Amino acid sequence: MKQSTTIQLIITTGILLLIGTTYGVNHVPNQTKTISKQTLNIGTNTPIETMDSNLYTSHEAYEALHATMIGLYSHNAKNQVIPAISDNHPQKSHTGLTYVFTLRKFKWSNGDTVRAQDFVYAWRRQVDPKTNSRNASRLDFIKNAAAVRTGSKPVTQLGIKALDSQHLQIKLSAPTPYLTQLLSDATTLPINQRFAEKLGTQYGDSATHVLSDGPYAISGWSGSKDKNWAFIKNNQYRFNDRVKVDRVAFQVIHSAQKTTHLFNTGKLDFAPLTANTIPNYTDTHNIKIQSSVTSAYLFFNTMSGATTDVHLRRALSMAYDKRLLTQSKLKNGAKPLNGLMPQGLTTGPDGMDYRKSTGQLEAYNLTKAAKNWRLAKRDLGVKHLTLNLLIANNSTARITAEFLRGQLEHNLPGLTITISKVSLEHRVQLEAAGKFQLVFSTWTPADDDPYNFLTFYQTGNRQNITGFSSTKIDTLLKQITQNSNNATKRWQLIQKTERYLMQAEVPSSGVFQDGQAYLLNQRVQQFPISASGLINYEYVRLKP
C-alpha cells in the first residue's frame, strides 16, 4: 500500500507561465519589474479563522499552520515526508507500539527551544474534551486518545510522555502504517506551553498571540476578520537557508474580477480563478487546472427533522447530475465524487486506485432517486417538503448550491430547497451545534489513509456533524484498527465499511472531488502544490 502522497505539481520556468487574457495578453505588464523580488503576493478569497492548531477547520488555516509551524516530520518540495524536529531514528519496541523520538534543536520565534513537553501539551490539549476540537479524533492512533476525547479517561492517560526535554515517547493504540504522515500533520504540531498557558483562550487569535517554529512567522494578522496579513521569514528556523522568499503577502479579495485585474496589472503573483473567470483564460496555453483530493460533500442531519429518513437521504444523494455540475458549472478540474474517498488518494495491495477498486457509490440515478422519494414522502406523510441548505458564502459553494437546488427541485417534484449563506466561521458553528438540515462542506485529508474518511461517522467523533451513530459502523472501524498489520484484510474492511455507509445509511453524499484553477506570475520559478491543494511556501522559488 502506498505510504505517502506523491501526486505533486512543481511549476518551473518553461513549463507554466500564466498570463491573463481578460485585459488582453499584450496588456499584461512585465510583472517581474512591477513586484518586489523579495515578496510573493497571493490573492485568496477566504480569511484565516485561527492560528491555533488544535482548533482550525479550514483549508486556509491549515495552510497557514504548515507555513509557520513544524512538527516531528514535514514535507519537501515533492510532497514526500521528511524528518523535521525528529532526528528520524526513533527507538521502536518489538511490538511496534512504542516509539521514542529524539528531538533535534529547533527554536520558537521568541528564541525558546522546542521541547518534548510542547508536544505533550499540544496533543493533550487537542484531545481534552474542554478544548472541543473538531480534529480530536485524528489523534486516535495514540493510545487512549479515543477514551480521553470522549471523557472516559483523563488527559494524563494519553499515550505521550516527555522523558526529558529532548526525548518524546509515543505509545500507539495499534500498529500504524501511515505514522510518519500523521506526524507531519497540523494536528500533531507542538505548541509552546509556557506561551500558550499565559494567553489562555486568546492563544492563536492574532499574530502576536502565536509563536512559530517553522519556515515563516505570521505578521499583521489581527484575527478571523482580517483581510491582509503576511508570512515573514523566520530567522530562528533551523533550516532557514531553504527559505528563499523573504515575505509572502496575502489579500482576501471577494471579487473574482478584481482578483484577475490585480494579477494582470502586476499586483498579484498568484490569483485563483473562479467558474466565471476561467473562460476568459481558456484560449491561452498558460492556464493551470488540476484536480485535488479535497472533496465536497452534502451532509445530512440524521438526528432531527425530515433528513432522519434514510429514503429521503438516498433520494437526495442520487437526484443530481455531478458530471454536469463539474463540467459545465465549476470547470476547474473538479470531478464527480461517487463515494467518500476521491480518485488518486491512494492505491491498495493490488496496486489499484482505491476509488476504481471500490466502485462508484450513490451515482446519479433518477429511477432509484424517484423510488426513494416516493418512499420518503410515504414515511414522512407529506406531498410537499421544504429543506434548507446551509453554505459558506463563497463562489464555489454558491454555484454548487444553486445547481443542487435546480436539480433537486426538478427531479424530486414537491421538494423545495432554500439556501442560507453565512460566513465560514458561522457555518462551522451551526453545523457543530447540529443546527442545519443540509450542509455543503469540503474536507482536505492530511494523509493517504482512506480510513480517516470513515471516522467522520464514528459515534462521538466531533467531526461527525451528521450525528450519525451505528453499532455496525463502530464495530467495523474497530476491526480495521485491529487489522493494521494485515494490509489486504484492512483494505477489504475499509471498502466494506464505505459501501455500507454510502449505500445503506447515506449520512452524506459525495458531490465532487475539487479542482483548482489559478494564474501564476512568470517570475515564479518553482511553486509546489500538493494533491490536496496545499502550497508549500518553504520551497517556492522566484527567478533571480
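**A chat about the strands, helices and domains**

Me: Hi! How many bridges join β6 to β8?

Reply: There are 5 bridges between β6 and β8, and the two run antiparallel. In β8, Tyr99 has Ile170 as its bridge partner. Strands here are DSSP runs (E, at least two residues) and helices are too (H or I, at least four), numbered from the N terminus. Two strands pair if DSSP finds at least two bridges between them.

Me: Where does this model come from, and how are residues numbered?

Reply: This is a predicted model, where local features need pLDDT of at least 70 and side-chain atom pairs count only at pLDDT 80 or more, while totals for chains, interfaces and linings use all residues. Residues are numbered from 1 along each chain as its sequence is written, and side-chain values use heavy atoms, with hydrogens and water left out.

Me: Thanks! In what order do the 4 strands of the open sheet come?

Reply: The order is β5-β6-β8-β7, with antiparallel pairing. The edge strands are β5 (91–92) and β7 (160–164), each pairing on one side only.

Me: What packs on that sheet?

Reply: Helix α3 (residues 116–127) does, touching β7 and β8, and its direction makes about 165 degrees with that of β7. Contact means heavy atoms within 4.5 Å. Angles run from 0 to 180 degrees between N-to-C directions, and axes are lines fitted to C-alpha atoms, for helices over the stretch in contact.

Me: Which residue takes a positive phi in the hairpin of β5 and β6?

Reply: Gly96, with phi near 75 degrees; the hairpin has 5 residues between the strands.

Me: Switching topic: at what angle do α8 and α16 cross?

Reply: Helix α8 (residues 310–318) and helix α16 (residues 487–505) cross at roughly 100 degrees, and their axes come within 8 Å. They are therefore roughly perpendicular (65 to 115 degrees; under 35 is roughly parallel, over 145 roughly antiparallel and the rest oblique). Val310, Arg313 and Arg314 of α8 meet Gln503, Ala504 and Glu505 of α16.

Me: And the domains, what are their bounds?

Reply: The domain assignment gives domain 1 (39–249 + 523–542) and domain 2 (292–513); such bounds come from an automatic or database assignment. Their centres, taken over C-alpha atoms, are 29 Å apart. The contact takes 26 residues from domain 1 and 27 residues from domain 2.

Me: Last one: which strand holds Asn388, and what does Asn388 touch?

Reply: Asn388 is in strand β15 (residues 385–392). Not counting residues up to four places away in sequence, Asn388 touches Thr418, Ile419, Ser420, Gln437 and Leu438.
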